[in-house]
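Subject: Structure handover

Dear colleague,

Please find below the sequence and structure that I am handing over to you. My notes on what was found follow directly after.

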Amino acid sequence: MRMRLVRTAVGMALTGPFEVVLANGWNMPVGVTDLSRDIHTLHMVIFWICVVIGIVVFGAIFYSLFRYRRSRGAKASHFHEHTTVEVIWTVIPLLILVAMAIPATATLRDMYDASEADMDVLITGQQWRWRYEYRGEDVAFISSLATPREQIEGQAAKGEHYLREVDQPLVLPVDRKVRLLMTSDDVIHSWWVPDLGVKQDAMPGYINENWVRINEPGTYRGQCAELCGRDHAFMPVVVEAVEPEQFDSWLAERKAAAAEAAMGLDREWGLDELMERGEQVYGTICASCHQPDGGGSPPTFPALAGNQALMDDRERHIETVINGVSGAPMPAFRNTLDPVEIAAVITYERNAWGNETGDSVQPSAIAERIAD
Amino acid sequence: MWNVIKSVLAAFFGVQKESRRREDFTSGRVMPFIIAGVLMALVLVVLIAVVASLAAR
């Protein structure tokens, strides 16, 4: 009983300080991937091997110093070679090193095995931000520091995630193998997220591979780990891990947004560019009935030039082009023309041939109406 | 010949008997040691490559 108490006390004295250090987050994190757990286990095993070696070696030194001190009449022995001892102190470290190398090499092999990934993300370092591209999905964006200038310049209190927050995090699904391809546009950067067990150099002209399979949803933060210039400390990494279904719908949303941007629905169009585009559309689609000069062929095809009803009622004009006129030859163009073409041709009709309403119709407004 | 190989192995391992060292240094010829050393270094490299490719299977 007393032995056990003593042992517990000794154990706590030895491991206690380490527990404190671990609890304070000073140690390497366990992380949220199988690989980061392997790395952590490896780290701890080798750490404890080093602790034991340290205790044995320094223990032997201090014991010898104390036990064979000169005041007790100890005499040093003088010998020059002792093959047995030399063999022992060569073989033991060799065995220890090999014993550590086997699990370490196995983990390294896993780390480099990026095969059979479910998806690829290309990560490009730039001075001083990260660009993420979901390969084959037409989704790409730049992720920049979101910490306000005032906090950096000391004019405001620092936030909880000071210098470790971005405008758009990298969103990844849990339970899927994601291959990370890393490169750089300028100098060497390093994409480092401790919780994912990934620290990989991003080098200009090279593509490095790594991979993650995240086990738990959450937000994981990291930094650039290769000194890359003035704002090296201002290009953090934030990974948002979500459930696969949530990821799929997020990706679909981003794809739709990208498609909208490609179609020009994400911005305000100026009157001149709408007019230019509208003239083309009018020429190929509308002019055959309404005539190139807007004069029409009444009564079947009404004139658009000088048409007061058209100029007065913008809503009805839009409605007519989108949905057509029932009982008349005017077809619905909602499915034949894209929103930019519809907006442009309406704008053109409202401002050409002396129709000077001066108003324009935005493609985004048309897209919304068609979607309703 | 056998003595040369044993001495080169001892050098790879890093432990040599003083008496053997004396013998080697009085034999008067250095070329056998150099040739044996280079050849056995090659053998070591091949051996490690084989072990590594077996382990990687």
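Leaving aside residues up to four places away in sequence, Thr107(A) touches Asp38(A), Ile39(A) and Leu42(A); two residues are in contact if their C-beta atoms, placed from the backbone, lie within 7 Å. Thr107(A) sits in helix H3 (residues 83-112) of chain A. Helices (H or I, at least four residues) and strands (E, at least two) are DSSP runs, numbered from the N terminus. The C-alpha atom of Thr107(A) is 7.5 Å from that of Leu35(A), although 72 residues separate the two along the chain. Thr107(A) counts as partly exposed because it has 16 C-beta neighbours inside 10 Å. The scale is as follows: a residue is buried if 20 or more other C-beta atoms lie within 10 Å of its own, exposed if 12 or fewer, and partly exposed in between, with C-beta atoms placed from the backbone.

**Conventions**

This is a predicted model, in which local features need pLDDT of at least 70 and side-chain atom pairs count only at pLDDT 80 or more, while totals for chains, interfaces and linings use all residues. Residues are numbered from 1 along each chain as its sequence is written, and chains are lettered from A and ligands numbered from 1 in the order in which they are written.

**Chain A as a whole**

Chain A holds ten helices and ten strands. Of its 372 residues, 22% are buried. Among contacts in chain A between residues at least 6 apart in sequence, 64% join residues at least 24 apart.

**The five-stranded sheet**

Five strands of chain A form an open sheet with mixed pairing, in the order E4-E10-E9-E6-E7; two strands pair if DSSP finds at least two bridges between them. Its edges are strand E4 (170-173) and strand E7 (198-202) of chain A, each of which pairs on one side only. From one strand to the next, the twist averages 25 degrees. Axes here are lines fitted to C-alpha atoms, for helices over the stretch in contact, and angles run from 0 to 180 degrees between N-to-C directions.

The individual pairings are these:

- Strand E9 (residues 218-224) and strand E10 (residues 237-242) of chain A run antiparallel and are joined by five bridges. Gly218(A) is partnered with Ala241(A), Thr219(A) with Glu240(A), and Tyr220(A) with Val239(A).
- E4(A) and E10(A) pair in the parallel sense over four bridges, and Leu172(A) stands opposite Ala241(A) there.
- Strand E6 (residues 189-193) of chain A runs antiparallel to E9(A), with two bridges between them; Trp192(A) has Gln223(A) as its bridge partner.

Helix H5 (residues 244-263) of chain A lies across E4 and E10 of chain A, and runs at about 135 degrees to E4(A).

**Nonpolar cores**

A nonpolar core is a set of buried Ala, Val, Leu, Ile, Met, Phe, Trp, Tyr and Cys residues joined through C-beta atoms within 7 Å. The largest one has 34 residues, and those touching the most other members are Ile123(A), Leu172(A), Leu180(A), Leu196(A), Val212(A), Ile214(A) and Val239(A). A second, separate core of 16 residues includes Val281(A), Val321(A), Val345(A) and Ile346(A). Not counting residues up to four places away in sequence, the contacts of Ile123(A) are Trp130(A), Tyr132(A), Leu180(A), Leu181(A), Met182(A), Trp191(A) and Ala202(A).

**Backbone points to check**

Most residues other than glycine have a negative phi, and most peptide bonds are trans. The following are therefore listed separately.

- The peptide bond from Gln127(A) to Trp128(A) is cis, with omega near 0 degrees. Trp128(A) lies in the loop between strand E1 (119-126) and strand E2 (129-134) of chain A.
- Glu116(A), in the loop between H3 and E1 of chain A, has a positive phi near 55 degrees. Glu116(A) is exposed, with 8 other C-beta atoms within 10 Å.
- Asp138(A), in the loop between E2 and strand E3 (139-143) of chain A, has a positive phi near 60 degrees. Asp138(A) is exposed, with 12 other C-beta atoms within 10 Å.

**Chain B**

The contact between the chains takes five residues from chain B and six residues from chain A. According to an unreviewed UniProt entry, residues 30-56 of chain B are annotated as "transmembrane region"; UniProt positions are given in the numbering used here, feature names are shortened, and annotations may be inferred rather than shown by experiment. In the model this span is 93% helix and 0% strand, and its end C-alpha atoms lie 39 Å apart.

Yours sincerely
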